[in-house]
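May I ask you to look at the structure on the screen while I take you through the site of its ligand and then its domains.

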Amino acid sequence: MYAKAPAGQTGRGHIITCTIEHKAVLDPCKRLQKEGFDVTFIDPPKDGVVTAKMVEEVMRPDTILVTLMWANNEIGTINEIEAIGKLCKSKNVLFHTDATQWVGKMPTNVETAGVDLLSWSGHKIYGPKGIGALYVRRQRPRVRLQALMDGGGQERGFRSGTHNITGIVGFGKACEIAKQEMENDAIRLGKLRKKLEQGVLSQLDTCAVNGHADKRLPHITNISFGFVEGEGLMMAVKNIACSSGSACTSASLEPSYVLKSIGVGDDLAHSSLRLSLGKWTTEEQVDYAIGEIVKAVKKLRVMSPLYDMHKEGIDLSKVEWAHH
Ligand SMILES: *Cc1c(COP(=O)(O)O)cnc(C)c1O
């Protein structure tokens, strides 16, 4: 009679994450789901920001882990990490954050953020590829992890295998340089990003920046352009390094699942550009990008009958299309 777990509870515990996490978090969560854990994927609002209130609403007595990214890699939005950390602490729930887009760009403090586990990656902060780190809290609470790989017991048994010394040293150096330079970089890139957004938005109608206007990283933007065809847009701006989604998934023709999750329609998700500015991006390059994007969108719109109708004031949502 008691063989079956109560409805919605499998007995292994409940995990909270979000639909716009990186695949590095989504895929393991899906695997855990198959292994018998209950996983809630929070659907973020249109601004892309996950708040403590949203987490609290789905928290349950059997919740064991909350895993939410510090900042989103595609749209650059920042979650309410400190408040979520506080909430998790008050409920004795472990809190992991994928801080790959945050560490090295913005000041990071695991104490004030109330984070128990924090992961990030070398190559996003100008370090080597193939190396990353996981911060594991040792006190209040002491987090006990099960190793993913057995064999050798290196790194206190957390990760077996001979250390990748060149990767570790390079990653350490990258962190050191980031610590020295990130404050100035953030100020400079924040100004350049705003210039890029304003430059594009002031010269084109029917386009919008995706995600919250202020709760965002200084150096990432994501802009949707109405009435242009996505693939044409990508082709027309091929002198600019940009993508339609994350670099990791833009090989597929599917529109970005992140944009879809925050309510951007299929068409607009296809005709969106994710642009990021880096340490070596100059103002001249930003001016060039503005010029190229504006030129490309104007050119593509000349070929768009829908854009003509829109300009004539026809409400396209009310048009009855012939079906074949
Ligand atoms: C790039 C990225 C990852 C994946 O890191 P890799 O080292 O490239 O596997 C995970 N999460 C976020 C937010 C990222 O931006």
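By class, two nonpolar, six polar and two charged residues make up the shell around the ligand; here Ala, Val, Leu, Ile, Met, Phe, Trp, Tyr, Cys and Pro count as nonpolar, Asp, Glu, Lys and Arg as charged, and the others, Gly among them, as polar. Please note that this is a predicted model, in which local features need pLDDT of at least 70 and side-chain atom pairs count only at pLDDT 80 or more, while totals for chains, interfaces and linings use all residues. Residues are numbered from 1 along each chain as its sequence is written, and side-chain values use heavy atoms, with hydrogens and water left out.

Which residues surround the ligand? They are H22, A24, M69, N73, D98, T100, Q101, S121, H123 and K124, each with a heavy atom within 4 Å of the ligand.

Let me turn to the polar contacts, that is, pairs of N or O atoms within 3.5 Å. A polar side-chain atom of S121 is 2.5 Å from an oxygen atom of the ligand. For H123, a side-chain N or O atom lies 2.7 Å from an oxygen atom of the ligand, and for K124 the distance from a side-chain N or O atom to a ligand oxygen atom is 2.7 Å. Of the 380 Å² of accessible area that the ligand has on its own, the protein covers 76%, by the Shrake-Rupley method with a 1.4 Å probe.

Finally, the domains. An automatic or database assignment divides the protein into domain 1 (14-172) and domain 2 (193-318). Their centres, taken over C-alpha atoms, are 29 Å apart. The contact between them, meaning heavy atoms within 4.5 Å, takes 27 residues from domain 1 and 27 residues from domain 2.

Notes:
A polar contact is a pair of N or O atoms within 3.5 Å; within protein, one must be able to donate a hydrogen and the other to accept it, and residues adjacent in sequence count only if both atoms are side-chain atoms.
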